[in-house]
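Please read each point beside the coordinates.

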Amino acid sequence: MDKKLDTDSLEMRLQALENRLYGERRTKSGKPVKCAEALVRIQGGLINTANKRERVKILHKKIEDLMKYLDPQFTDHITLPDAMKLEFILAEEDSLLSEAALLEQVKNLQPLLDSTHIRDVPEHATKLQRLSQIHIKQQDQTEAQSQEVKKLFEEYNKMMFLLSKQFTQWDETLRKMEEAKGIQPVE
């Protein structure tokens, strides 16, 4: 009785699905389109096509072997006997033990990750974002100030160079005048 209900329920669901997919479409004979019938026809066509092609026949015969060869563990199964696998595990024993110790340490530190400080991080995110914006603004101001100081140093160096050059010219002129008058320069 339950099987009958399950079958009826399945048929009703399939009918609803077909109505959603195909709507009110009909076949050439006027019957409503059935998904299952269409799938059976397609499968039959594929089987007929496959049977006509010799290569496809061979492929179908070997598909099970191909699936076995495509399995990633197949090469390990063929190439590595269990004794070798055991040797690999024993060779990596130290690293496995250290990894286990690290995992144990993480497990022990788990309460720290569950602390209120860590849980409050989202609340502090807005403050941090605001502070980041202030920091960026201050960096821009610092850059502008640095450019201004650099400009002032360049002007200062230029002025010192010009003053030094002027003093050198005055000294040269004064020396020539003293020589012309016969005055001994003071050292």
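1. A residue is called buried here when its relative accessible area is under 20%, exposed when over 50%, and partly exposed in between (1.4 Å probe, protein chains only). On that scale, 4% of the 187 residues of the protein count as buried. The accessible surface of the protein comes to about 18000 Å², with 60% of this belonging to carbon and sulfur atoms; the areas come from the Shrake-Rupley method with a 1.4 Å probe, and for residues only the protein chains shown count as cover.

2. The model is a predicted one, in which local features need pLDDT of at least 70 and side-chain atom pairs count only at pLDDT 80 or more, while totals for chains, interfaces and linings use all residues. Residues are numbered from 1 along each chain as its sequence is written, and side-chain values use heavy atoms, with hydrogens and water left out.

3. As to secondary structure, the protein has eight helices and zero strands, and from the N terminus on its elements run α-α-α-α-α-α-α-α. Helices (H or I, at least four residues) and strands (E, at least two) are taken as DSSP runs and numbered from the N terminus.

4. Helix 8 (residues 121-181) has 61 residues and reaches 86 Å from its first C-alpha to its last, close to the 90 Å expected at 1.5 Å a residue; the expected span is 1.5 Å times one less than the number of residues. Just after helix 8, Gly-182 takes a positive phi of about 80°.

5. Helix 3 (residues 54-70) has 17 residues and spans 23 Å between its first and last C-alpha, close to the expected 24 Å. Even so, helix 3 holds a kink of about 55° centred on Lys-62, the bend at a residue being the angle between axes fitted to the seven residues ending there and the seven starting there.

6. Which residues are linked in a network of salt bridges? They are Glu-172, Arg-175 and Glu-179, where a salt bridge is a side-chain nitrogen of Lys or Arg within 4 Å of a carboxyl oxygen of Asp or Glu. The count is two salt bridges: Glu-172 meets Arg-175 at 2.6 Å, N to O, and Glu-179 meets Arg-175 with the closest N and O atoms 3.4 Å apart. An α-helix has 3.6 residues a turn, so residues three or four places apart point the same way. Glu-172 and Arg-175 are three residues apart in helix 8, and Glu-179 and Arg-175 are four apart in helix 8. Glu-172 is partly exposed at 32% relative accessible area, as is Arg-175 at 33%, whereas Glu-179 is exposed at 55%.

7. One aromatic pair is counted, namely Phe-167 with Trp-170, which is edge-to-face with 5.5 Å centre to centre and 75° between the planes. For such pairs, rings of Phe, Tyr and Trp (its six-membered ring) must have centres within 6.5 Å; planes under 30 degrees apart count as stacked, over 60 as edge-to-face and the rest as tilted. Phe-167 and Trp-170 are three residues apart in helix 8, about one helical turn, and Phe-167 is exposed with a relative accessible area of 51%.

8. Phe-167 and Trp-170 also belong to a nonpolar surface patch with about 840 Å² of accessible area together, whose members include Val-149, Phe-153, Tyr-156 and Leu-163. Patches are made of residues with over 30% relative accessible area and no salt bridge, like charges being joined within 9 Å and nonpolar side chains (Val, Leu, Ile, Met, Phe, Trp, Tyr) within 5 Å. Leu-163 is found in helix 8 and is partly exposed at 38%.
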